[in-house]
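I opened this structure to look up its pockets and a few backbone angles. My notes follow.

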Amino acid sequence: THSERTINVFKQILPYLKKIFKKRSAKKPQIKVSLCFGADPEFELTYRGKVVSASGVIDGGTSSYEEIGRDGAGSQVEIRPAPSGNIERFVRNFRKILVKFAREYPGYSLIAQGDVFPLGGHIHLSVPPNGDILKLLDNWIGKWTINLSGYARGSYKKMSAYETKPWGFEYRTPPAAIFLRPEVLSSVLRIIKAVIMAYFSREGVALEPCDEEIDRLNIRAEWQILQEFIANYLTIDKDVLKNWRVRRYRPKPRVDIFFYDDWSSDIRIFVRLKLAEKINKVANRLNKKGIYRLILFGFKEARGNVCNFKSQIFEYIDFVYTSDKRERAFGLPYSVRVGELTEELKEKWMRIIDEIVMNLLS
């Protein structure tokens with residue numbers, strides 16, 4: 001249905017399908033449904049109260065098999081709990097990953113604000129999507145929570161947003177805010193489950209929530225929790241670990257490495273590995289100097305072999321990349337960033353890395 005060509009083909013075969021298949025009875029049959037939940041909500045990564053990009057910090061990528069990863073843009077952190085048909089177990093699965101995050105990334109936290117990067121609270125459902133189900137989700141959950149999105153959500157902030165998946169579909173309208181507190185997440189899932197299970201039953205479900213329907217579905221407590229959360233949202237701390245009461249760990253000395261502009265993949269991987277080995281040995285000294293982020297950016301090819309730090313390899317130019325005291329930015333020429341990673345270039349990079357570390361310590 002997303003392709004005009006496909007629609008035209010379907011129109012041609014429709015008369016033959018009508019001859020082959022019988023028309024379904026108008027009476028709605030009772031369907032047994034086993035509902036399973038999954039999710040991959042997005043959060044902003046913070047360090048010392050400042051939102052930073054997950055790229056260069058979070059090791060995981062976009063694979064659904066990685067419990068802690070990054071979204072497709074690479075800037076947000078995605079938490080991917082194991083799916084479950086049991087809501088209590090699913091909420092526990094989510095908290096376990098938050099505990100894992102706190103241990104693996106001490107000093108960092110997650111927030112559901114969404115003012116710097118767009119944050120979706122994507123919920124996975126093991127039923128096929130249709131117009132009725134999307135309207136129900138919008139009316140019972142989507143329209144109540146969508147305005148909890150931050151300023152950065154932009155075009156992602158829309159009703160009836162979904163993606164079809166092999167196991168069902170992903171409902172993308174709610175923001176990450178619904179994952180901010182365990183009782184809110186549990187309530188949202190219980191409301192969704194009650195509505196969808198009623199939809200597939202003979203009794204059906206009201207398209208819009210009302211007191212009579214809320215009581216009939218036995219979700220009065222969950223509805224009150226959600227409404228109170230929405231009403232008080234502006235005054236609630238948006239720190240996810242704090243709201244889930246996850247223990248914080250004292251951060252180990254570390255300096256995160258970020259790559260900007262054009263880099264060949266092999267060169268970037270090699271430089272990150274070798275530079276991290278050097279940086280980790282002196283991270284404590286650098287942190288005492290107030291340095292927590294190292295940025296490697298690039299000059300255009302037309303500038304030639306230039307850099308913005310003291311070097312015996314390249315020509316120096318006066319160029320300030322950042323004014324943040326916690327960051328140090330090193331500009332490097334195009335010739336060492338793009339191309340084939342030869343043995344000669346590896347040796348050259350080892351000398352560059354030594355110069356970068358010496359500049360950081362001086």
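I sorted the lining of the largest pocket by class: 15 residues are nonpolar, nine polar and 13 charged. Here Ala, Val, Leu, Ile, Met, Phe, Trp, Tyr, Cys and Pro count as nonpolar, Asp, Glu, Lys and Arg as charged, and the others, Gly among them, as polar. The model is predicted: local features need pLDDT of at least 70, side-chain atom pairs count only at pLDDT 80 or more, and totals for chains, interfaces and linings use all residues. Residues are numbered from 1 along each chain as its sequence is written, and side-chain values use heavy atoms, without hydrogens and water.

I noted a volume of about 790 Å³ for the largest pocket. A pocket is an open set of points on a 1 Å grid over the protein atoms alone, where a 1.4 Å probe fits, with protein on both sides within 12 Å along at least five of seven lines; lining residues have an atom within 4 Å of a point. Of its 37 lining residues, Asp40, His122, His124, Lys165 and Glu170 are the closest to the centre.

Next I took the second largest pocket, at about 520 Å³. Gly56, Val57, Asp59, Arg254 and Asp256 are the closest to its centre, out of 19 lining residues.

Then I checked phi. Asn218 has a positive value near 60° and is not a glycine. Arg245, also not a glycine, has a positive phi near 55°. Is Arg245 buried or exposed? Arg245 is exposed, because its relative accessible area is 74% (exposed means over 50%, buried under 20%, partly exposed in between, with a 1.4 Å probe and protein chains only).

Definitions and conventions
Grid points are joined across faces, edges and corners, and a volume is the space filled by probe spheres set on the points.
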